[in-house]
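The sequence and the model come first, and my entries come after them.

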Amino acid sequence: MPLALNYTEGVLTAEAGRLAGKKITEAFLKWHGLAGNAVMTPNVTMQIQALPHGGALSGGEPVKGAWLECKTPSFALADRDIQVGFFKEATDIIADAAEGRLPREKIWSNLVHTVDGTWNLDGEAMTNQQLSERLAKG
């Protein structure tokens, strides 16, 4: 499940971005009851990218910020308590990593659910049912 953390240069150091990505990945697994799952753990991936100054806009104007996007099958992050808990924890992780350089209102996140049958593990397009069966083995 690809997660992406983007932030404008200077908001996080490269090391802080990497550590935040690791902690967000761990939080994602924890909130889904999958911490240590041998199938899912290596399949929650994180892309981390620093954007140049002026490389992000808010209301059409340059902004310093951080963005977390999660792409998951439709059963992930579907429960409201998990949504609230995970995104709060992820925001806390990013805010802590920024060490006061980024107000919480400049941290944005979202979720994109994939179409059932398009999730790919090990080169195989899987339905939600197939993916759930694979996860149960982990």
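**Entry 1: salt bridges.** I began with a count, and found 9 salt bridges, where a salt bridge is a side-chain nitrogen of Lys or Arg within 4 Å of a carboxyl oxygen of Asp or Glu. I note here that this is a predicted model, in which local features need pLDDT of at least 70 and side-chain atom pairs count only at pLDDT 80 or more, while totals for chains, interfaces and linings use all residues. Residues are numbered from 1 along each chain as its sequence is written, and side-chain values use heavy atoms, with hydrogens and water left out.

I looked up Glu-15 and Arg-18, which form one of these salt bridges, with 3.0 Å between the closest N and O atoms. The two are 3 residues apart in helix α1, so about one helical turn separates them. Helices (H or I, at least four residues) and strands (E, at least two) are DSSP runs, numbered from the N terminus. Glu-15 is partly exposed at 43% relative accessibility, and Arg-18 is partly exposed at 42%; buried means under 20% relative accessible area, exposed over 50%, and partly exposed in between, with a 1.4 Å probe and protein chains only.

Next I looked up Glu-89 and Lys-30, whose side chains meet in a salt bridge at 2.6 Å, N to O. This pair links distant parts of the chain, with Glu-89 in helix α2 and Lys-30 in helix α1, 59 residues apart. Glu-89 is partly exposed at 23% relative accessibility, and Lys-30 is partly exposed at 44%.

I then turned to Arg-104, which forms a salt bridge with Asp-92, the closest N and O atoms being 2.8 Å apart. Arg-104 lies in the loop between α2 and β6, and Asp-92 in helix α2, 12 residues apart, so that this pair too is recorded as linking distant parts of the chain. Salt bridges that share partners join Lys-88, Asp-92 and Arg-104 into one network.

**Entry 2: helix α2.** I followed α2 along its length: helix α2 covers residues 80-98, has 19 residues, and reaches 27 Å from its first C-alpha to its last, close to the 27 Å expected, where the expected span is 1.5 Å times one less than the number of residues. At the start of α2, a side-chain oxygen of Asp-79 comes to within 2.9 Å of the backbone nitrogen of Asp-81. Glu-99 counts as exposed, at 62% relative accessibility.

What do the buried residues of α2 pack against? I found that they pack against β1 (2-8), α1 (14-31), β5 (66-72) and β6 (107-113), where contact means heavy atoms within 4.5 Å.

**Entry 3: the largest nonpolar core.** I looked up the 37 residues of this core, in which Leu-12, Ile-24, Phe-28, Leu-68, Phe-86 and Ile-94 touch the most other members. A nonpolar core is a set of buried Ala, Val, Leu, Ile, Met, Phe, Trp, Tyr and Cys residues joined through side-chain atoms within 4.5 Å. α2 gives the most to this core, with 9 residues. Leaving out residues up to four places away in sequence, Phe-86 touches Ile-24, Ala-27, Phe-28, Trp-31, Leu-68, Cys-70 and Leu-77. Leu-77 sits in the loop between β5 and α2, is buried with a relative accessible area of 0%, and has a positive phi of about 50° although Leu-77 is not a glycine.

**Entry 4: strand β5.** β1 and β5 pair in the antiparallel sense over 5 bridges, and two strands pair if DSSP finds at least two bridges between them. Ala-4 has Glu-69 of β5 as its bridge partner. β5 and β6 run parallel and are joined by 7 bridges, and Trp-67 stands opposite Trp-108 in β6.

Notes: Polar contact = N/O pair within 3.5 Å; in protein donor to acceptor, adjacent residues only side chain to side chain.
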